[in-house]
Amino acid sequence: METLANLALGFSVALSPYTLLLAVIGCFIGTIIGALPGLGPSNGVAILIPISFALGLDATAALVLMTAVYYGAMYGGRISSILLNIPGDEPALMTTLDGYPMAKKGEAGNALVLSGVASFVGALLATIGLILLAPVLARVAFLFGPAEYFALYLLAFCTLGGMASNNQAKSAIAACIGLGIAMIGVDSSSGLPRLTGGNLHLYDGVDFLVAIVGLFAIAELFFFIESHGKGSSIGVVLDKVTIPWKYIKQTFPTMLRASGVGFVAGVLPGAGASLGSFLAYMTEKSIAGEKGGFGTGAPRGIAAPEAGNNSAAGGALVPMLTLGVPGSGTTAVLLALLMTLNITPGPTLFRDNPDVVWGLIASLLIANVVLLVMNVPMVKIFVKILSVPAWVLLPGVTMISTTGIFALTGSYFDLLMLVGFGVLGYFLRKLDVPTVPVILGILLGGNMEDALRRAMTLSDGDPMYLFSSPIAVGFWVAAILGFVAPMFLRGILKKPEGHKD
Amino acid sequence: MASDRIFGLVTLITAVAYIAAATQIQTNFFSGEYLPKLFPIMIGAVAALSSLVLIFKPDPDPDWPMARTWGNLLVAVIVLAVYSVLISPLGFILPTALAAMILSYQISPNSKQAVLAGIGLSLGLFVVFKFILMLGNVVAYRIPTPAKLWDAISILIPFVGH
């Protein structure tokens with residue numbers, strides 16, 4: 001009953017004509033962002049945060065807009081996967097495996113609608129899971145003290161690093177870069193500057209928005225300059241779009257299973273949507289066996305990763321909202337949004353700002369319905385947008401990113417740092433160093449250090465205090481396992497090869 | 001192999017420098033003697049350890065771009081840096097048009113397309129930012145004095161700017 005009352009509160013916040021309009025706009029922009037190759041959800045949300053902040057939207061409105069963009073981008077990622085064999089974002093990678101072959105068989109429209117429905121089912125089930133699980137977890141999280149939080153942050157870095165990279169040392173370095181940057185600025189307890197090198201511009205610290213936009217959007221520009229924007233033309237023609245009821249009925253059990261798998265993967269801190277779509281696809285592949293025809297355009301091979309990926313995106317919101325620990329790159333960016341709006345995620349969020357939490361959940365449900373309605377009849381419009389050439393798109397994205405940052409801070413120094421982060425992002429990605437731990441480090445560094453400092457103050461400097469409770473020890477064990485296990489599982493967890501022409 | 005070793009070495013040196021800087025962090029009565037230094041030193045230590053692993057167990061080299069592409073990338077970085085300092089003294093439209101033009105040309109070397117992209121993006125985005133989104137700090141154009149222009153450019157010159 002309490003849940004229903006909370007939901008009613010959420011809908012009363014999110015269902016005004018104004019916020020509905022924002023949700024529709026957000027879904028539209030988000031789908032475009034997700035569909036454009038090289039502009040994933042993290043990118044898109046990151047570029048739009050400074051702009052939505054400079055617009056002066058209030059917390060609820062900004063949250064509705066950006067979550068709509070987030071879900072929209074998760075939907076949109078499949079369009080370029082299916083039509084171009086280019087994943088619009090990393091989680092959509094698995095959709096290319098069966099989506100593109102199916103589109104080549106002349107069933108592009110069917111593939112797009114089926115994946116749209118699968119996305120809807122996945123996202124809907126995940127939102128319901130979020131509604132049920134998040135308040136429970138929030139209550140458990142009240143038991144956490146500084147030792148538990150420190151171990152939890154560590155766990156997030158370890159599992160994320162384990163999953164995100166092929167080399168543990170590189171993901172550890174990435175996390176250290178982010179954490180190291182987070183330490184820069186005036187120290188809150190002493191009021192004295194730390195590690196600024198005497199540069200006055202750095203006294204406020206490094207703005208995480210500058211880092212995110214630089215590492216994602218500006219670095220992407222450099223990659224396009226390197227490749228001269230090759231591979232951005234339409235590969236498959238889309239003719240009539242009808243609703244393939246047969247496929248939807250046939251794959252419905254697959255969607256349910258994949259949503260379950262995806263949700264669990266999303267809830268694990270640090271794992272996120274890529275793992276969700278991967279596990280969902282592999283599970284269905286092994287259930288179907290040889291006769292399933294996976295990899296040759298099987299409908300189930302489209303439904304599984306799409307349901308899994310959208311469900312994981314919803315699941316990733318659980319640790320983000322209740323513990324303040326994001327489960328994926330995009331939720332890290334959403335966490336950045338909340339922090340920009342001066343909302344601190346964590347168990348207290350559910351107690352102190354129920355309107356924000358439940359408004360967010362209600363807007364997720366609204367965005368999901370809007371997206372389904374928008375995506376089936378309007379898919380042709382989004383396909384048109386895919387043909388925007390790279391020589392307009394990338395300069396445009398760059399200019400939007402820089403202007404967004406400039407409108408927010410008005411400082412040339414931030415713009416120069418933006419370029420610097422772009423260069424850093426280019427080299428890191430070239431060297432196969434994951435950039436998401438860097439972002440996570442900048443976002444969580446302050447909180448992680450606070451937890452450590454409080455633990456040390458409480459225990460008079462006894463390091464054993466960090467291992468003093470069963471929950472904390474559990475997190476430490478999980479962190480070490482999450483960091484070490486992928487080294488041994490790499491052979492088993494190898495990603496299947498994409499379809500080649 | 002070599003790339004990862006160089007990257008590891010750079011990280012190692014940075015990490016050691018970071019630890020050294022962390023030991024010099026000023027403290028006072030409120031913060032206690034070692035707490036502001038503890039976490040930065042831990043970060044530096046983990047980074048140093050990981051970079052040693054990288055030096056001894058490097059991955060295969062990535063495909064680095066050719067010399068000409070490096071030139072293009074350098075041009076792009078310079079364009080963006082100059083753009084960053086000029087957007088204040090010159091306003092939005094002119095620097096944006098020039099920067100978008102050059103970047104567009106670098107992605108697809110076709111001067112007609114590039115001019116179109118530059119002018120179109122600059123005017124289009126200006127209208128969106130100024131009149132639809134009504135963002136602050138976005139000014140159409142400014143006519144700076146030479147001294148102001150030099151001030152802005154000199155930011156990019158080491159030891160001359162501020």
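Buried residues make up 33% of the 162 residues in chain B; buried here means that 20 or more other C-beta atoms, placed from the backbone, lie within 10 Å of the residue's own, while 12 or fewer is exposed and anything in between is partly exposed. Please keep in mind that this is a predicted model, where local features need pLDDT of at least 70, side-chain atom pairs count only at pLDDT 80 or more, and totals for chains, interfaces and linings use all residues. Residues are numbered from 1 along each chain as its sequence is written, and chains are lettered from A and ligands numbered from 1 in the order in which they are written.

Let's stay with chain B. It has six helices and zero strands; helices are DSSP runs of H or I with at least four residues, strands are runs of E with at least two, and both are numbered from the N terminus. Why do we call chain B more spread out than a compact globule? Its radius of gyration, taken over C-alpha atoms, is 23 Å, well over the 15 Å that the globule rule gives for 162 residues; that rule is 2.2 Å times the number of residues to the power 0.38. Along the principal axes, the C-alpha atoms of chain B fill a box of roughly 55 × 50 × 35 Å.

Now, how do the two chains meet? The contact takes 51 residues from chain A and 58 residues from chain B, where contact means C-beta atoms, placed from the backbone, within 7 Å. On the chain A side, the largest share, 13 residues, comes from α16(A). By class, that side has 32 nonpolar, 11 polar and eight charged residues. Nonpolar covers Ala, Val, Leu, Ile, Met, Phe, Trp, Tyr, Cys and Pro, charged covers Asp, Glu, Lys and Arg, and the others, Gly among them, are polar.

Next, a helix pair inside chain A. The residues of α3(A) that meet α8(A) include A:Ala46 and A:Ile47, and among their partners in α8(A) are A:Val213 and A:Phe216. The residues of this contact divide into nine nonpolar, two polar and one charged.

Finally, two loop residues to look for. A:Asp432 lies between α17 and α18 of chain A and has a positive phi of about 65° although it is not a glycine. A:Asp460 sits in the loop between α18 and α19 (470–489) of chain A, and its phi is near 60°.

Conventions: Contact = placed C-beta atoms within 7 Å.
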